[in-house]
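Trainee: I have this one open and would like to walk through it with you. Can we start with how pockets are defined?

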Amino acid sequence: MMKIKHVYFVLIFFCSFRGFTQDILPFVENFSKANYNGDNQVWSVTQGNDDAMYFANNRFLLRYNGVTWEKYTLPNKTIIRAVFSDEDKIYTGSYNELGYWKRVAGKMVYYSLSKEKNLFKGKLINEEIWKIFKFKDKIYFQSFNELFVFDGKTIKNLNIPYQISYCFIVEDILYVATVNKGVFILKSEKFIPQSNWKDLENKIIHSIEKQNDITYFFTRKNGVYISENTILKPWNNNPLNDLLKNEIINTARFIDKNRLAIGTAFKGIYIVNLTDYSFININRNNSFLNNSVLSIGFDKENDLWLGMDNGISHIEINSPYSIFSDNTGILGSVYSVSKTNDGYILGTNHGVFNYENKEIEFIKGSQGQVWQIDKINNKYIIGHNEGTFCYESNKIEKINHINGGWKLLKNNNSAHYFQANYSGIVVYENDDFKKYKRIEGLTKPIKNIAQNKNNELWAVDNYKSLYRIEFDTAFRATKIDNITQLNGIENDYNVKLFTFKNEMLFYIDNNWYKFNAITNKLEDSQLFNSKFKNISDIIPIDDSKFLVIQSGVFYLIEYNNNNFYWKLLPKKYYQGKIINEDTKVIKFEDKLIINLDDGFFSYTPGKLDEVDYTVTVEGFYKDELITEKTKIKFNQSIELQVIVPFYGYNKKNLFYKINESQEFLPIIDGTILLNNLNSGPQQVDIYSLKEDNYKKIKSYSFTILKPWYFSFWMIVVYLLVVSGALFLYYKWNKIRYIEKIKLKEEELRHQKQILQLEMDAENRLKMQEYEKHILEIQVQTKASEVAGKSLSIAKQTEMIESIQNILDSESNINVVKSQISKVIKINSLNKNEWKSFENNLLKSNEDFVQILTSKFTNLTAKDIKLCIYLKMNLSSKEIAPLLNISYRGVELHRYRLRKKLKLDTTVNLNLFMNNLK
């Protein structure tokens, strides 16, 4: 319900809206107390020979060089009412004080001309200087009752017989305008009344100007008078004077021979064109911070500087840029502009508005979002959120109900028109736009279309994809191709379509393409990718010009002699007001009209020639001007102010490079802040950008001191430290050397001890070897004993055989007994000798037995004994009695042993046993 009420309210508002006054204005730059940190009123303005602007701002003298504001006060802290520049001096006047300022080492220094001279005494004790001017090589300080004249050395005062408002110099004549007695001329220090201007008596005059042989008198409350051929009369041949009679005129100045600026107390400033008496009024409603203009000044571009009741305003009155801005919010965002005979048709998100004679009128029935306005003959075809409208002869009617209306395009070879909309493309039969049909088969929201050959259209979806549409003579779609899909481009969102030199270009996924009709494929556009790689917003103007938007900045591109020439449109004219994807440019006569969030701005290319000028660079270190004597410490911030003599249209964007850097960096607001510089000489080069080329226009050099840790005294400290370190190192090495000697001696002592220990160990080893040898001898002795025992056993065996032979050969028992008894006595053995023999045999061959049994685990005790005997090189005959077997039995045992040892018959068993390890 609330939503319905809101919509109803909006409809009632637009239906009842009649119009409001709005001018197309020059660009205005406002400065408030927040900018210059001073007081409210600015009583006087002048530009110095150093190109800086100076302002009398109550308690302060303000200086502005286009980069930074400076603020100064008089020694007595009184209010400064007047400021005037002459040569290198800035004269100021105040309460009971007059003098001048000079710039010394980057600061303004004041020199009083009235101190200790008793200029302000008697009836002049309360004089206040309100104006300063130069007349015939002398400087005049004017109060309301007195003139103080300074010839460069001395000051004298001229008493004025009547109270005055101001003095004015017109064609080398000094006019003095009194409050009640009319106008006087100062001649030879005499005040001569002008009787032919009696009508100016009792009228306070705030300005006298002469142009085209006409003298203009601007009175405070009585409008403007003119004197032509000595005849004074009101300025009644223009409608502005009737307005001024109800105003308070504070000041007035001629801009040039055809233009006049009049500053008022309540309605801002009027800029009057004397050729047709048309005028524009700049005030708080459209540009200013307040409506009271106290003073007017000019700069080198002949642009206006206004001292306001609260702040300062700079008007680029000579700039080729003009601004139409709606401060009321009634218009909304302007999406399209079209020129009419007497004004403009504006399409906004609120509807359609007609702008004529400085008034905006809402066109009833058009409320809603407007996307496009195209002028076809005397009709204005309006693409609207709710359909398409036709505006003609101050009447509007809906010609179709198809929602949305973006690009309108005429067919190449017929009277038909194509229109892209929310649901595809509409075809109009002719330019009366009465009959239309849809192109079937395409129902997507199409935002842009183009045609390069008959029976074919290229279309861009509002969201994604690029289409090629082929159609027959009845405009029936015969083929619709999704070109981005066919070319395998995955990211085809926000495709842009641009026609240049009869060639269609497509911006897809950060790349510019063109279509190759032979291969039927998209291919890279080398020309556009080399110049406009990451620029998606390109707006066509004509066959040789187009507009691009890069980083929120407009560039006018002109193609000439196979080159693209870039011209920057300064950002200040449209900052924060660009409608990026819906920016449009219309060309009307010599003007370019570009739509903005709250209006539009007009640019006239080539209106003014670009001016070459000298750039001044001032460096500041710790807020002090850098001079040859300045010592800049290492790792400190340096601020460079790049100052140009212009403040308006001719103030170009500049760039800089530091030392050998290859990168051109933009100078933001005229300031370069440098940090982290290396020590030594530094050079900053300043460049201007013209037609895509950088031109060096200024160099600035300074030197950074070495860091404190490389200063002279620090180097002395380093030498002392190094010397001390070397001395300590020497002492330490000496101590180390002595210690090394001691350690060497200790090492030698230890080596002797170790050698002695080694010798003792060697001796012990020799002793052990000796003892081992003794033991081996003992073993051998035991072996001999074993051998002896073996022989003894052999003898016993032999004895037994002898007894057996006796028994076999003798039959006499007594002889037998006698002989046997004799043999036994001869060959008897101890019964323990055999057992001892076996034990000694095994013990003496313990190592051999261990090796043998580890290698051949299947050997018996009898086998081991046989092996020992073989190692002892005993024959079978000798072994037989030891084993108590026959010779034949030993041979058989040897054969079996050879089998167990897996030895060939060629291997000598005795040799094998002796070599076994």
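Mentor: On a 1 Å grid over the protein atoms alone, a pocket is an open set of points with protein on both sides within 12 Å along at least five of seven lines, and lining residues have an atom within 4 Å of a point. Grid points are joined across faces, edges and corners, and a volume is the space filled by probe spheres set on the points. This is a predicted model, where local features need pLDDT of at least 70 and side-chain atom pairs pLDDT 80 or more, while totals for chains, interfaces and linings use all residues. Residues are numbered from 1 along each chain as its sequence is written, and side-chain values use heavy atoms, with hydrogens and water left out.

Trainee: How much space lies in the second largest pocket?

Mentor: About 1400 Å³.

Trainee: Which residues lie nearest its centre?

Mentor: Gln-372, Lys-407, Asn-448, Ile-539 and Pro-540, out of 49 lining residues. Elements giving two or more residues to that lining include strand S36 (370–376), strand S44 (446–450), strand S48 (496–500) and strand S52 (537–540). Strands here are DSSP runs of E with at least two residues, helices are runs of H or I with at least four, and both are numbered from the N terminus.

Trainee: What is the lining by class?

Mentor: The lining of the second largest pocket has 21 nonpolar, 15 charged and 13 polar residues. Ala, Val, Leu, Ile, Met, Phe, Trp, Tyr, Cys and Pro count as nonpolar, Asp, Glu, Lys and Arg as charged, and the others, Gly among them, as polar.

Trainee: Switching to rings. How many aromatic pairs does the structure hold?

Mentor: It holds 81. Rings of Phe, Tyr and Trp (its six-membered ring) pair if their centres lie within 6.5 Å, with planes under 30 degrees apart counted as stacked, over 60 as edge-to-face and the rest as tilted. Phe-498 and Phe-528 form a tilted pair, 5.9 Å centre to centre with 55° between the planes. Phe-498 lies in strand S48 and Phe-528 in helix H5 (residues 526–532), so the pair ties together parts 30 residues apart in sequence.

Trainee: Is Phe-498 buried or exposed?

Mentor: Phe-498 is buried, and so is Phe-528. Buried means under 20% relative accessible area, exposed over 50% and partly exposed in between, with a 1.4 Å probe and protein chains only. Ring pairs also link both into a cluster, whose members include Phe-500, Tyr-507, Trp-512 and Trp-566.

Trainee: And Phe-288, where is its place?

Mentor: In the loop between strand S27 (278–282) and strand S28 (293–298). Phe-288 is buried, with a relative accessible area of 3%.

Trainee: Now sheets. What order do the strands have in the open sheet of 4?

Mentor: The order is S4-S5-S6-S7, with antiparallel pairing; two strands pair if DSSP finds at least two bridges between them. Strand S4 (44–47) and strand S7 (69–72) stand at the edges with a single partner strand each, so one side of each is left without a neighbour in the sheet.

Trainee: What joins S5 to S6?

Mentor: 5 bridges join strand S5 (residues 53–57) to strand S6 (residues 60–64). Ala-56 stands opposite Leu-61 in S6.

Trainee: How many residues of strand S8 are buried?

Mentor: 7 of its 7, over residues 80–86. S8 is joined by 6 bridges to strand S9 (residues 89–94), and the two run antiparallel. Their hairpin has 2 residues between the strands, and Glu-87 in the turn has a positive phi of about 55°.

Technical notes
1 Å grid on protein atoms, 1.4 Å probe; cavity = no way out; pocket = protein on both sides within 12 Å on 5 of 7 lines; lining within 4 Å.
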